[in-house]
Amino acid sequence: METTFPVIDFSKLDGEERGATMEMIKDACENWGFFELMNHGISHELLDTVERLTKEHYRKCMEQRFKEMVASKGLEAVQFEINDLDWESTFFLRHLPESNISEIPDLEEEYRKVMKEFAVELEKLAEQLLDLLCENLGLEKGYLKNVFYGSRGPTFGTKVSNYPPCPKPDLIKGLRAHTDAGGIILLFQDDKVSGLQLLKDDQWIDVPPMKHSIVINLGDQVEVITNGKYKSVLHRVIAQTDGTRMSIASFYNPGSDAVIYPAPALLEKEAETSQLYPKFVFEDYMKLYAGLKFQAKEPRFEAMKTMESSVKLGPIATV
């Protein structure tokens, strides 16, 4: 059984190894739902600055607050497994349709500027990746981007997390197991402190921390659009007893009014497979997901099928 986590050298897409690299991406999308990109075109200098400023911000503005929360809930002394919270300290940034970076309190001006610059780079990378997925799936270039577009373009945001040392990692997860609801997720993670794991063939496999890499994973919407050819995969974060793990996950998602459904071109190509997934408005899925994040995704898809009959669907925006 192949259990080496897929690591892809993105720069090889420009040379004679393009075919083999596309094949690796295809295999990762079909069998892992995750892969790690090296040489992705985002400068190491920018990544180092993002990491430095994120860690400084955590120490200055977040760490004390986290310790107080732990103390107030008596979490250091828990005796039983905790299933209703995560051992993480987080804040969210929104980039698209409009940025809220200027409204987030406690951020140094330099940090705001750097996170904006980082978001621009990640957005470009996400759109490149969506086109590579289209190419591998035999969909026309730009198909996924268009489906995600809705009337105002994609929803794009970043969850900045730190996972501090945890005295009881067997009883409290850093982040409980879940699949991601959205489109494509780009993660810049700590290269020293591990903890991220994905479920493959009923086993939890570590996503290896590698310096200057970006980890990609696919969300539920890609599973729907590909009619299950690509799957969103369960993953979790195991808290560590020593070291704080930094995790900056950026979510390139459909616009709130985007209509999501299996790509007709794929259904035609695979005439023997029927349409397994519903058609729905992305925002409706997110409302449902909000309450069911840590439960299986299948009932979410079923619930959307039930709603499907009442959805009024306009034409797809083409950009």
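This is a predicted model: local features need pLDDT of at least 70, side-chain atom pairs count only at pLDDT 80 or more; totals for chains, interfaces and linings use all residues.
I take contact to mean heavy atoms within 4.5 Å.

**Entry: His-235**

I find that His-235 touches Phe-34, Arg-176, Ala-177, His-178, Thr-179, Asp-180, Leu-196, Gln-197, Leu-198, Trp-204 and Asn-217, with residues up to four places away in sequence not counted. I place His-235 in strand S10, residues 235-237. At 6% relative accessibility I count His-235 as buried, because the cut-off for buried is under 20%.

**Entry: Gln-221**

I find Gln-221 in helix H5, which covers residues 220-225. Its relative accessibility is 0%, so I note Gln-221 as buried. Leaving out residues up to four places away in sequence, I list Ala-181, Gly-182, Gly-183, Pro-254, Ile-260, Phe-280, Phe-282 and Tyr-285 as touched by Gln-221. For Gln-221 and Gly-182 I read a separation of 39 residues in sequence and 5.5 Å in space, C-alpha to C-alpha.

**Entry: helix H3 and its end**

I looked up the span of H3, which has 29 residues. From first C-alpha to last, H3 reaches 42 Å, close to the 42 Å expected at 1.5 Å a residue. Just after H3, I note that Gly-138 takes a positive phi of about 80°.

**Entry: H1 against H3**

I describe two packed helices by the angle between their axes and the distance between the axes. Helix H1 (residues 18-31) packs on helix H3 (residues 109-137) at an angle of about 90°, and the axes are 10 Å apart. I therefore record H1 and H3 as roughly perpendicular to each other. On the H1 side the contact is made by Arg-18, Met-22, Ile-25, Lys-26 and Cys-29. On the H3 side I list Leu-132, Leu-133, Glu-135 and Asn-136. I sort the residues of this contact into five nonpolar, one polar and three charged.

**Entry: nonpolar cores**

In soluble globular proteins, nonpolar side chains tend to be buried together. The largest nonpolar core here has 82 residues. I note Phe-35, Met-115, Phe-118, Leu-129, Tyr-143 and Ile-172 as the residues that touch the most other members. H3 gives the most to this core, with 14 residues. I also find a second, separate core of 15 residues, which includes Phe-34, Leu-175, Leu-196 and Val-215.

I then followed Phe-118. Apart from neighbours within four places in sequence, Phe-118 is in contact with Ile-42, Leu-46, Leu-47, Val-50, Phe-188 and Ile-248.

**Entry: Phe-188**

I took Phe-188 next and found it in strand S6, residues 184-189. Phe-188 is buried, because its relative accessible area is 2%. Setting aside neighbours within four places in sequence, I list its contacts as Leu-47, Val-50, Glu-51, Phe-118, Ser-213, Ile-214, Met-246, Ser-247 and Ile-248. I read 6.4 Å in space, C-alpha to C-alpha, between Phe-188 and Ala-249, which are 61 residues apart in sequence.

**Entry: Leu-122**

I place Leu-122 in helix H3. With a relative accessible area of 1%, Leu-122 is buried. Not counting residues up to four places away in sequence, I find that Leu-122 touches Ile-42, Phe-156, Leu-186, Ile-214 and Ser-250. Leu-122 and Ser-161 are 39 residues apart in sequence, and I read 17 Å between their C-alpha atoms.

**Entry: backbone exceptions**

Most residues other than glycine have a negative phi, and most peptide bonds are trans. I looked for exceptions.

I note a cis peptide bond from Leu-96 to Pro-97, with omega near 0°. Pro-97 sits in the loop between strand S3 (89-96) and H3.

Asn-39 is not a glycine, yet I read a positive phi of about 50°. I place Asn-39 in the loop between strand S2 (34-38) and helix H2 (44-73). Its relative accessibility is 42%, so I count Asn-39 as partly exposed.

His-212 is another non-glycine residue with a positive phi, near 65°. I find His-212 in the loop between strand S8 (203-206) and strand S9 (214-218). Is His-212 buried or exposed? I record His-212 as buried, because its relative accessible area is 14%.

Technical notes
Residues are numbered from 1 along each chain as its sequence is written. Side-chain values use heavy atoms; hydrogens and water are left out. Axes are lines fitted to C-alpha atoms, for helices over the stretch in contact, and angles run from 0 to 180 degrees between N-to-C directions. Helices (H or I, at least four residues) and strands (E, at least two) are DSSP runs, numbered from the N terminus. Angles under 35 degrees count as roughly parallel, over 145 as roughly antiparallel, 65 to 115 as roughly perpendicular and the rest as oblique. Ala, Val, Leu, Ile, Met, Phe, Trp, Tyr, Cys and Pro count as nonpolar, Asp, Glu, Lys and Arg as charged, and the others, Gly among them, as polar. A nonpolar core is a set of buried Ala, Val, Leu, Ile, Met, Phe, Trp, Tyr and Cys residues joined through side-chain atoms within 4.5 Å. Buried means under 20% relative accessible area, exposed over 50%, partly exposed in between (1.4 Å probe, protein chains only). The expected span of a helix is 1.5 Å times one less than its number of residues.
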